[in-house]
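Please keep the sequence and the structure in view while reading.

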Amino acid sequence: MKIIVTDEVAQEGLAILQRDPRVQMDIKLGLKKEELYSIIGDYDVIITRSGTTVDKPLLDAATNLKLVARAGVGVDNVDVDYASAKGVIVVNAPFGNTNSAAEHAMALLLSFCRNVTKANGSLKGGAWKRAPFTGYELKGRTAGVIGLGKVGGRVATRLKAFECEVLACDPYIAEKRAHDLGVKLVTLDEIIKNCDIITVHTPLTSETHNMIGKKELAAMKDGVIIINAARGGIINEEAMLEALDSGRVAGAAFDVWSQEPPDSEVLKKLIGHEKMVVTPHLGANTFEAQVNVAVDVAKEILRYMDEQPIENAINIPKFDASLMGQMRPYLNLVNVLADFIIQLVDTNLNKITFTYTGGLAQYDCTPITVCGLASLLNRRVEQEVNMVNAQLVADNMGIVVEEVKSTHSDDFSNMITVTIEGSGEKRLISGTVFEGVPRIVKLRDYQMDFRPEEHMLLLAYGDRPGIIGKIGTILGKHEINIAAMNLGRREKKGEAMVILSLDSAVPTEVVEEVREATEANFVKPLYLVTAK
């Protein structure tokens, strides 16, 4: 695995990767675009912070790229949609700098309220002045937190410690979280109209871009204090400048900007405004946070190399981390089922259905579905299909993908069924996990029970005496050892299905010999990559 590091990343994280003999790492900082484009095609992984723009030209040049690892929270510098179309996984480190960002938001607020930056400059300039720097206390003020995620939640807790009344707005969290934090959940309009202090902690999305603009600022209380340590562009900076000039806003403290480094006249005026406390995107700039995010992305890369579920991928469906351990066997199971059944289908794929029964159906099974879909499609298309681009590839092929759930199951506590429908053809396979190992328990309408192996042979034939003996004789003659056999049938002397686990592959000519000897109406040798 070849990895290029293009921005400053803490050595503690890089060391985790450098200790792995599978990794070849090159640290190349400060490359010009053309230099990076000329070499990026040699690498499987790029580790960046905010200094490298991973855009369409870079992704087009990165012909072998499989993973973009952003050592931080924001992925504003990564074209995630285009990476997804290319099948490139984008991971970040959303929790490594949580505490750092929360503390910085509080530092900005306190610096403004107590005139720390102005008083510092005055005293260092030789003056001893106190009256011009009279400040504000936080106690008794109403503070509004927009976005009650990991960072916003910590800021809310700290504001309460300063004896603020805290209101919070976040349409994506449960009321219980607000209750646990001891804050009141309200609408954005209520925050805007009622708060003395407003601090934003949301990602920058189409929904949050310019979320606070001229209209919202005009509706705020006179003398409001505004903090942005989240993302530039959430607060409209031109409107912010006008509100400061008018005196409606007492002051603001920003760590982030819509353009970094700031270059426009509006940003230069805003940064230079006497009522602003400003820092150059330092929210994650603590020694602890830089180590945390570097370690987090390094562990994600190792998970990818070990073919383990990735916990912090931006463009892959993911389980709650607390469920990851119990879900891993089912990710393995769906890979095996998909690998098995796709080899039984000779027509075009029209519809693929993933059915979950039993306790498993209580959870979000989307990651299992996408994982299984990728395994199916990898057998059918030339491009590499993974959990990033599987649904996109299926859509482009006109394949309908459906997910069905039922908590009721007569036979097994958990079961996954994959059904494929093509032109006049339908295939079905069901499996479960027993002691952590995949078991196939149903093929079409035959009840089975066998462990999938690397080499297998499947036959369907008219049930009559001597058939199993003929199969064994032919395989033995060609020195193909049978490790296990599982037989299914509906009725005596009706159609029977047998699945053989073998120690080696069955050559084409031997398959034909078995077909002729058994008069089988279906014979298929199977090679399961997932069962190795």
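## The largest cavity

The largest cavity holds about 30 Å³ of space, a volume being the space filled by probe spheres set on grid points that are joined across faces, edges and corners. The model is a predicted one, in which local features need pLDDT of at least 70 and side-chain atom pairs count only at pLDDT 80 or more, while totals for chains, interfaces and linings use all residues. Residues are numbered from 1 along each chain as its sequence is written, and side-chain values use heavy atoms, with hydrogens and water left out.

A cavity is a set of points, on a 1 Å grid over the protein atoms alone, where a 1.4 Å probe fits but cannot get out, and its lining residues have an atom within 4 Å of a point. By this rule, the count comes to 1 cavity of 30 Å³ or more.

## What lines the cavity

The residues that line the largest cavity are A105, M106, L109, V155, L159, I197, T199, H201 and I227. At least two lining residues are supplied by each of α5 (98-113), α7 (150-161) and β9 (197-200), where helices (H or I, at least four residues) and strands (E, at least two) are DSSP runs numbered from the N terminus. Of the elements concerned, α5 gives the most to this lining, with 3 residues.

By class, the lining of the largest cavity has 7 nonpolar residues, 2 polar ones and no charged ones; here Ala, Val, Leu, Ile, Met, Phe, Trp, Tyr, Cys and Pro count as nonpolar, Asp, Glu, Lys and Arg as charged, and the others, Gly among them, as polar.

## Salt bridges

A search of the whole structure finds 22 salt bridges, each being a side-chain nitrogen of Lys or Arg within 4 Å of a carboxyl oxygen of Asp or Glu. One of them joins K56 to D60, with the closest N and O atoms 3.1 Å apart. Because K56 and D60 are 4 residues apart in helix α3 (residues 56-61), about one helical turn separates them. K56 is partly exposed at 42% relative accessibility, and D60 is partly exposed at 31%, where buried means under 20% relative accessible area, exposed over 50%, and partly exposed in between (1.4 Å probe, protein chains only).

In the salt bridge between E300 and R303, the closest N and O atoms are 2.4 Å apart, and both E300 and R303 are buried. R427 and E425 form a further salt bridge, at 3.6 Å between the closest N and O atoms, and both R427 and E425 are buried. Finally, a network of salt bridges links D20, R22 and D306.

Notes
On a 1 Å grid over the protein atoms alone, a cavity is a set of points where a 1.4 Å probe fits but cannot get out, and a pocket is an open set with protein on both sides within 12 Å along at least five of seven lines; lining residues have an atom within 4 Å of a point.
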